Amino acid sequence: MIRLAVAITMVCGIAAAHAQDQDESIGMPQRPELRSPEPVEEVKQAVLDRVNAPYLTADERAELSIVHGLWTEQTLTDPMLGARAALVTGAYDDPVLMSEDASAIDRASGALERGEARLAMELLAAPSDDQPLRRLTLRARAQAMLGDTQGAITELETLETVLADRTINDATELAFGVRGLMHLYRLRAIDGNAETVYKQLNELIARGRDEIDQLNPEIRMAEAELLYEHHNRKDARDAAMEVLHLNPRHALAASMLGNIAVDSFALDDAEQIADRIDTLAAGGQENPPATMLGAQIRARAALRRRDPIGAEMALDRVLVRMPDQRALLQLEAAAAAGGFREASTNRLLDAYDLRSPGQPDALLMVGRTLAEARQYEQSAAILRRAIERSPHWGEPYMQLGLMLVQAGDDVGAKDALEKAIERDPFNLRAQNSLTLVRELMGYETIETEHFVIRYKGGIDRVLAEEMPAELERMYARVTGDLPGGVDHEPSKKTRIELMPNHEWFAVRIGGMPSIHTMAASTGPIIAMETPRDGAKSSVGPYDWARVLQHEFTHTANLSRTKNRIIHWMTEANAVYNEDSPRDERQWMLLLNAQRTGGLFDLDEINEAFVRPKRPGDRSLAYAQGAWMFEFIIERFGAHAPLEIMDASAAGRSPSEAFSEALGIDRDAFMAEFLPWAQEQLLAYGLLLSDEYPTLDEVLVNENNQRVVPNRNSIDTLLESHPDHPQLMNIKIGFLLDDGPDRLTDEWTQRIEQYAQLNPAEETPHRLLARHYLAGESRDEQWKAVEHLEYLDAREVHSSAYADELAMIYAKNGMVEKAVEKAMVAVRRAPFNAHAREQAARVALIAGDLRTAAHQIRVLTELEPDREIHTQRLEAIERRLGE
């Protein structure tokens, strides 16, 4: 028992980090606190004191041990108690739940969890006054599962009457009453004000939790379920953890934590929780069989990773034992949809309808999965079918609204979300999304030939007005037929949404994988965080044009392929199309992978994007994907990647797509790619050629002792091996860290040669740029240009290199280059007054009065309290008017 309690405590710890900011409500009531909150250890002690109370009979103590998950093997020899324990741990196909020695109501509960609704109805047929609310709730679930919606409503209206007419003094019974009412409000219109009705539910929970039995786990579980239905994940998680403090073997509470982890994209954590649920149901044995609850979590996690085959494998392990389990069958249909297998999806939906006629749940799961796969039209059609079947339930409306937000249909999204909130006014996700839609509908717009730019009024207008020319240049590059071009134009204008800070950006891309830091494409929409410093910014300034060119590549190739594309290919295409040289960090990722045999094959690279096994796997996948994309273009031609994409869009598997487009299978592709990759590493000076000894060989002296390459020993080592690349790299690092700005002539020459032989390394260029900029003559400073250009081409965030280049070009009379570099600096830091002032200064040196006037006009908005900007602007405008 102790070991299992520790395992579930670990589940709580994993889950604690996964309630995202978007779940915080905007003006919504939060979960009421316990009347007298107690520290966790005190709660556990109170449970132990309760179970061990001296006045209890042996039977009473055994009953409480089941309630609190403190039973022993001896306790379970009683089949009645064994059945109840099996329900607690989620072991729904345990033989004890099929034994006639167990109570009929417990056997019915197990049958329902296995999907055996007819058996449940038979077991619940006999009249009984025992546990009336639980009995009515179970009968309603069974009838709904069999497609008898009206029969379910009748049962639940009886439950509603019981709650109204009787005083219920059993917290567990009250928990079933709450669950029954939640079910009723999905099936029929709420009689009265929805907000009042849901507040009454909270009052029932509070009475059971705070007045009737403060140590009852089931009333807290009902509370967690209500909060989760409201999409209040933070409070639902807290309530579920309270359940586990009161009963560490409570599988439904652990399952909720696993599902919250899936919702938050903490997918590895979710699978760890699923494993622990399996262990829980098996009584702690090693290598336990998969459980229904664990399989649901694993399948959902796989679908969020875009791994429908993995989802099916997780489901099959349990469906073979529970072929009628409805949640698993819903996920099975969703997995087929996620794999773009339309015929299989329809077949599975039809089969589900035969089991549960007219029910919306499978349609809802399929619609959500299609939305995540960016199959917006198909998702809308499926979700509208779910709404037709369950017009009083808010969830299908909310999922439709979320999908329409991502598809860019603000009017449709607003309508759907308002209907969701009419049915559930405490749905936090619907509230936040509706707030977002209303916010976006108030944004100002700028329309170009191929884009619609939306931005919040105010200072963001500065950037929005500068975007059109850069966007149209980007459009021509990405949709064209040059290498990396998609050779396709989306049928509609792409919407660029400039979100004022990271908080709004996070809400905007809510429901998408959280690997994005500053921008994300949903297909027809690209949302981006405004590139500026500040407490509400996640990344600060960045090269927004480069980032948008990456994201628009996604938009274009998703449009060409109808969103059906090998995942690593769309990411590789987007990185390739940034049109920027690979930086040293990426080269080092590739070098380390090549040295250790860690380069991915064509299956592993997809896995690395959706299910990285090591912390650096996703970064390596981006770098290697672009590398392989480059190889495909070089070896098979610029159109070859498009042929692979088209084959994928036509329904070919990744293996078939490669063979069909390239004329070789995937093993042959890797057999050609790996030697090419090694040659590139040699050409860039990253792998030592055979003419050099290894570093390990160099560092062993004549006494066979290893020499540590420090500031004192490096020069001696270089005397023996003057051109050794790795020793030179160490020396250059020391010079950059603590050397003077000016180098000796000898070291200047040696580092210049090293930089030419090792073009992937950035440190020599930083050192040489510093050296030349410290020179006294203009000619000497000019020599810094090639090194500054090298560094600037690889920069995403800083405008320092571009600033320096602009001034050097201006001083040397290269006015067009000067203005060009000044604009690069401004592009990376559009709200930085220094960058704007520098751009104005360069434009004036170049005689470009219009550009200078524009930059100073922006400065009057960035720094309205500085009168000098207005004076300068007036002076320039007078000159323009002459």
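Just after helix H4, Gly 90 takes a positive phi of about 80°. Helices (H or I, at least four residues) and strands (E, at least two) are DSSP runs, numbered from the N terminus. The model is a predicted one, so local features need pLDDT of at least 70 and side-chain atom pairs count only at pLDDT 80 or more, while totals for chains, interfaces and linings use all residues. Residues are numbered from 1 along each chain as its sequence is written, and side-chain values use heavy atoms, with hydrogens and water left out.

Buried here means under 20% relative accessible area, exposed means over 50%, and partly exposed lies in between (1.4 Å probe, protein chains only). Among the buried residues are Leu 81, Leu 87 and Val 88. The buried residues of H4 pack against helices H3 (58–67), H5 (104–114), H7 (132–145), H13 (251–263) and H14 (267–281), with contact meaning heavy atoms within 4.5 Å. At the start of the helix, a side-chain oxygen of Asp 78 comes to within 2.9 Å of the backbone nitrogen of Met 80.

Strand S5 (residues 525–529) is also largely enclosed by the rest of the structure, because 5 of its 5 residues are buried. Ile 525, Ala 527 and Glu 529 are buried on one side, and Ile 526 and Met 528 on the other, so both faces are covered. Strands count as paired if DSSP finds at least two bridges between them. S5 pairs with strand S3 (residues 494–499) in the parallel sense over 5 bridges, and with strand S4 (residues 519–521) in the antiparallel sense over 3 bridges. Ile 526 takes part in both pairings, as the bridge partner of Ile 496 and of Ser 521. S4 and S5 form a hairpin with 3 residues between them, and Gly 523 in the turn has a positive phi of about 115°.

Helix H44 (residues 849–862) has 14 residues and reaches 20 Å from its first C-alpha to its last, close to the expected 20 Å; the expected span is 1.5 Å times one less than the number of residues. Its buried residues include Leu 849, Ile 856, Val 858 and Leu 859. Helices H24 (461–479), H42 (815–828), H43 (833–845) and H45 (867–881) are among the elements that cover them.

Turning to the aromatic side chains, a search of the whole structure finds 19 aromatic pairs. Rings of Phe, Tyr and Trp (its six-membered ring) pair if their centres lie within 6.5 Å; planes under 30 degrees apart count as stacked, over 60 as edge-to-face and the rest as tilted. Trp 587 and Trp 627 are edge-to-face, at 6.1 Å centre to centre and 85° between the planes. Trp 587 lies in helix H28 (residues 584–595) and Trp 627 in helix H30 (residues 617–636), so this pair ties together parts that are 40 residues apart in sequence. Trp 587 is buried at 3% relative accessible area, and Trp 627 is buried at 0%. The rings of Phe 669 and Phe 673, by contrast, are stacked, because their planes lie at 5°, with centres 6.3 Å apart. Both Phe 669 and Phe 673 are buried.

How values were computed
Polar contact = N/O pair within 3.5 Å; in protein donor to acceptor, adjacent residues only side chain to side chain.
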